[in-house]
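Please read the points beside the sequence and the model.

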Amino acid sequence: MTTRGVLYVHSAPRALCPHVEWAVAGVLGVRVSLDWTRQPAAPGTWRSEFSWKGQAGTASKLASALRGWQLLRFEVTSEPCPTAEGERYSCTPDLGIFHAVTGMHGDIMIPEDRLRAALVRSQQGETDLEAEIAKLLGKPWDDELEPFRYAGEGAPVRWLHQVV
């Protein structure tokens with residue numbers, strides 16, 4: 001079963017750009033040449049985005065291939081398909097990687113056991129419930145990435161297809 005999604009590279013140093021392309025090509029199984037544009041939110045960095053089509057689980061493979069580079073900010077999304085929920089991965093140098101399951105309308109779906117654990121931590125005084133829920137929803141990542149998203153409005157998008 002195939003799905004589709006988008007990879008947003010919000011900022012990458014110029015020297016890292018070809019490595020991002022090679023990593024994405026390794027996951028998708030096709031040669032990748034991204035259209036890079038300057039990222040005004042972080043001078044000296046570049047941004048790119050493209051849409052992909054592949055097997056369910058491709059978003060997690062893309063996120064795993066890119067997550068180790070300290071200076072990279074990115075997001076990967078995939079749409080739900082008949083055999084899998086949608087997914088969203090966000091990654092920043094300061095926060096690391098965030099993963100969420102998304103429903104058919106793009107809403108983040110938080111598993112019951114993660115909500116229960118957040119409630120227990122808050123009841124034990126370890127944390128504030130509101131802060132825990134914000135983390136479960138990816139708010140710290142959204143807050144950090146928002147200036148990079150806004151700076152990329154109107155950027156070109158290229159469709160890439162995974163060879164199956």
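1. Two strands are taken to pair if DSSP finds at least two bridges between them, and helices (H or I, at least four residues) and strands (E, at least two) are DSSP runs, numbered from the N terminus. By that criterion β5 and β6 pair in the antiparallel sense over 7 bridges, and a hairpin of 3 residues joins the two. Within this pair, Cys91 has Ile97 in β6 as its bridge partner.

2. Some words on the source are needed before going on. This is a predicted model, in which local features need pLDDT of at least 70 and side-chain atom pairs count only at pLDDT 80 or more, whereas totals for chains, interfaces and linings use all residues. Residues are numbered from 1 along each chain as its sequence is written, and side-chain values use heavy atoms, with hydrogens and water left out.

3. Elsewhere, strand β1 (residues 2-13) runs antiparallel to strand β3 (residues 45-55) and is joined to it by 10 bridges, with Tyr8 standing opposite Glu49 in β3. Strand β1 pairs with β4 as well, again in the antiparallel sense, over 6 bridges, and there the bridge partner of Gly5 is Ser78 in β4.

4. How many salt bridges does the model hold? A salt bridge is a side-chain nitrogen of Lys or Arg within 4 Å of a carboxyl oxygen of Asp or Glu, and the count by this rule comes to 12. One of them is between Arg73 and Glu144, with the closest N and O atoms 3.9 Å apart; this pair links distant parts of the chain, since Arg73 is in strand β4 (residues 73-78) and Glu144 in helix α5 (residues 139-151), 71 residues apart. Arg73 has a relative accessible area of 17% and is buried.

5. Glu75 forms a salt bridge with Arg88, the closest N and O atoms being 3.7 Å apart. Because Glu75 lies in strand β4 and Arg88 in strand β5 (residues 86-92), the pair ties together parts that are 13 residues apart in sequence. Both residues, Glu75 and Arg88, are buried.

6. A salt bridge with another setting is that of Glu112 and Arg116, whose side chains meet at 2.5 Å, N to O. These two residues are 4 apart in helix α3 (residues 112-123), so about one helical turn separates them, and both Glu112 and Arg116 are exposed.

7. Are the buried residues of helix α2 (residues 58-66) on the same side or on opposite sides? They are Thr58, Ala59, Leu62, Ala63 and Leu66, and they cover an arc of only 135° around the axis (taken from the directions from the helix axis to the C-beta atoms), which puts them on the same side of α2. Lys61 and Ser64, on the other side of α2, are exposed. In general, an α-helix has 3.6 residues a turn, so residues three or four places apart point the same way.

8. The cysteines deserve a check, taking a disulfide as a pair of cysteine sulfur atoms within 2.5 Å: the structure holds 0 disulfides. Cys81 is buried, with a relative accessible area of 13%. Cys91 is in no disulfide, the nearest cysteine sulfur being that of Cys17, 16 Å away, and Cys91 counts as buried at 4% relative accessibility.

How values were computed: Buried means under 20% relative accessible area, exposed over 50%, partly exposed in between (1.4 Å probe, protein chains only).
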